[in-house]
Amino acid sequence: MQKVSYMGDGSTTEFYFNFPFFENSNVVVTVNNEPATGYYIIGTSGGIDADIPYIGGKVVFEIAPTSIDCITIARQLPLERIVDYQPLSKIDPTTLNQDLNYLMEVIKDRKDELADLTTKYTEIADKESTDIILARISAIHEEIVDIDAKIQALGDIGTLQQRVTDLTTTVGGHTTSIGALDTTVGGHTTSINGLDTRTTGMIDYVIESQAPTAENNYTWYRKYKSGWVEQGGAISDILNGYSTKRFNLPVNMSDTKYCAFIVSCKAGDLYTPRVLNKSTTYVEFGYIVNSTQYGATWTVMGVCE
């Protein structure tokens, strides 16, 4: 599906798109994932006798969306014929071309949707079935009960998390490398990664992180097992007056419903900071400063891909 997204700013009323369409009903507009109201569409004509009538256009709102509104403009082509050719009637080349191009654009959209669906569910399709996982859990239940006291003796969870990568435990004559995330107990092998969906909500912990360095443009992040991510970075030598700054996210977000903010960290003040644009790969801020050089930090928190 062809689509484009914007963040409102309280003043902009016109939002452009560059995908082709055949009539205004092909263009679907939503605000915060809800059907939009109070707008009209102006298409950019493809010219006289064009194979596709409109090559793009713009959506014009009567009232400007606010800075917390996410506007999405998408193309939705019904899977249907647009021309009914009659027997023995003369076929106009322009009409025929538009009809065939309509069907081609429908096929392209369905191909894109199928590719997205395949990508989204590939990981799910590769996972073991719930029945197999439950059977393996049942098989090792008694062994888990027996070693529970030993796990408690390891100390608090913070200490356990630091040691878990290198920890090797022998239970019932079977050796288990917890760092490799594969456990053999009582002759049954199970993947701890495969049990993550069964332990959701019970415990969360950092599975990946990055410290700020010159090589990564002084960005950092902490990614958790649950999918939550905290990330950010630092900036310096900002010019006096109104400034805007776009930061590429070291970890892509799953959507734009994340928290983002920027604060001063040296001498000088940062006035009216606000988010101008958010996407899954970057965030853009606007702010006013009253000194020629000072530092600031930005932070984003939410769910990653």
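## Pocket, cysteines and ring pairs

At 16% relative accessibility, Cys-70 counts as buried. Buried means under 20% relative accessible area, exposed over 50%, and partly exposed in between, with a 1.4 Å probe and protein chains only. This is a predicted model, where local features need pLDDT of at least 70, side-chain atom pairs count only at pLDDT 80 or more, and totals for chains, interfaces and linings use all residues. Residues are numbered from 1 along each chain as its sequence is written, and side-chain values use heavy atoms, with hydrogens and water left out.

Cys-259 is partly exposed, at 38% relative accessibility. The whole structure has zero disulfides (pairs of cysteine sulfur atoms within 2.5 Å).

Cys-70 also belongs to a pocket lining. Along with Ser-5, Thr-72, Asp-255 and Thr-256, Cys-70 lies nearest the centre of the second largest pocket, which 20 residues line. On a 1 Å grid over the protein atoms alone, a pocket is an open set of points where a 1.4 Å probe fits, with protein on both sides within 12 Å along at least five of seven lines; lining residues have an atom within 4 Å of a point. The space in this pocket is about 610 Å³, a volume filled by probe spheres set on the points, which are joined across faces, edges and corners.

Strands β1 (3-7), β7 (70-75) and β17 (270-278) each give at least two lining residues. Strands are DSSP runs of E, at least two residues long, numbered from the N terminus. β1 supplies the largest share, four residues. By type, the lining has five nonpolar, ten polar and five charged residues. Asp, Glu, Lys and Arg count as charged; Ala, Val, Leu, Ile, Met, Phe, Trp, Tyr, Cys and Pro as nonpolar; the others, Gly among them, as polar.

Next come the aromatic rings. Rings of Phe, Tyr and Trp (its six-membered ring) pair if their centres lie within 6.5 Å; planes under 30 degrees apart are stacked, over 60 edge-to-face, the rest tilted. The count is nine aromatic pairs. Two of them are tabulated.

| Pair | Centre to centre | Angle of planes | Type |
|---|---|---|---|
| Tyr-6 and Phe-15 | 5.4 Å | 55° | tilted |
| Phe-15 and Phe-61 | 5.9 Å | 85° | edge-to-face |

Phe-15 sits in strand β2 (residues 14-17) and Phe-61 in strand β6 (residues 54-61), so their pair ties together parts 46 residues apart in sequence. Phe-15 is buried at 4%, and Phe-61 is buried at 6%. Tyr-6 is partly exposed at 27%. Ring pairs link Tyr-6, Phe-15, Tyr-39 and Phe-61 into a cluster.
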